[in-house]
Amino acid sequence: MFGLTPLGLVHTAISLVALAAGLASLLRFGEIAARHPLGRTYVWATVLTCLTGFGIFRHGGFGAPHALGILTLLVLALAALAGGGKFGRASRAIEIIAYSTTLFFHMIPGLTETFTRLPQGAPWFSGPDDPGLQKAVGVCFVLLVIGCVLQLRGLAKRAPAGLPGGVGG
């Protein structure tokens, strides 16, 4: 189906679970956090997405998608450390930004793989370097920045400056 291998199908299914959980967590809680069941689902599905992605070599050997998988795992580890309070007062802000950034990372291969295959026979983008795809990823990045700002504002309203979890103090 759409030129996907069995591993590619499993990888895609897991990534869709991660995206759904991440977006649902953002809508329900205003953030992705492992302390919520949706957040835990997002984290573990994202880890599995990365791990299954390492076995996919659509464009030859190790490449940018694999590097993005490694970067995603590193940012997830940073978010987990922050969720455990390892960065003092900045921990919650780091956690919020890190988890949101991993959701943005999902969008890069998601847009690339979806719209270089669909619609079947006449995909929207010719490949990863297509200017239209680059613009779509740019829009997602702008949404990431806006989303992080809104989340940090919400965090600042919930926790007074100078208290643990606050963002200024």
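A polar contact is a pair of N or O atoms within 3.5 Å, where within protein one atom must be able to donate a hydrogen and the other to accept it. The legends below refer to a predicted model.

**View 1. Glu31 and its polar contact with Arg92.** Glu31 is placed in the loop that connects helix H1 (6-29) with helix H2 (37-53). The side chains of Glu31 and Arg92 form a polar contact at 3.0 Å. Glu31 has a relative accessible area of 6% and is therefore buried, the limit for that class being under 20%. With neighbours within four places in sequence set aside, the residues in contact with Glu31 are Ser25, Leu26, His36, Arg92, Ile96, Gln151 and Arg158.

**View 2. Ser25 in helix H1.** Ser25 has a relative accessibility of 0% and so counts as buried. When residues up to four places away in sequence are not counted, Ser25 touches Gly30, Glu31, Ile32, Ala33, Leu38 and Gly39.

**View 3. Val17 in helix H1.** Val17 is partly exposed, because its relative accessible area of 44% lies between the 20% and 50% limits. Thr41 and Ala45 are in contact with Val17, leaving aside neighbours within four places in sequence. Val17 and Trp44 are separated by 27 residues in sequence, and their C-alpha atoms are 9.8 Å apart in space.

**View 4. The largest nonpolar core.** This core comprises 26 residues, and those with the most contacts inside it are Tyr42, Tyr99, Phe104 and Leu111. At least two core residues come from each of H1, H2, helix H3 (64-83), helix H4 (91-115) and helix H5 (131-158). In soluble globular proteins, nonpolar side chains tend to be buried together. For Leu111, the contacts beyond four places in sequence are Thr116, Leu133, Ala136, Val137 and Cys140.

**View 5. The second largest pocket.** The volume of this pocket is about 260 Å³. Its lining consists of 13 residues, of which Leu26, Leu103, Cys140, Leu143 and Leu144 are the closest to the centre. H1, H4 and H5 each contribute at least two lining residues, and H5 gives the most, with seven residues. By residue class, the lining has ten nonpolar and three polar residues, and no charged residues.

**View 6. The cis peptide bond from Leu118 to Pro119.** The omega angle of this bond is near -10°. Pro119 belongs to the loop between H4 and H5.

Technical notes: Residues numbered from 1 in each chain as written. Predicted model: local features only at pLDDT ≥ 70, side-chain atom pairs only at ≥ 80, totals over all residues. Heavy atoms only, no water. Helix = DSSP H or I, 4+ residues; strand = E, 2+ residues; numbered from the N terminus. Buried < 20%, exposed > 50% of the residue type's maximum accessible area, 1.4 Å probe, protein only. Contact = heavy atoms within 4.5 Å. Core = buried A, V, L, I, M, F, W, Y, C linked by side-chain atoms within 4.5 Å. 1 Å grid on protein atoms, 1.4 Å probe; cavity = no way out; pocket = protein on both sides within 12 Å on 5 of 7 lines; lining within 4 Å. Points joined across faces, edges and corners; volume = space filled by probe spheres on them. Nonpolar A, V, L, I, M, F, W, Y, C, P; charged D, E, K, R; others polar.
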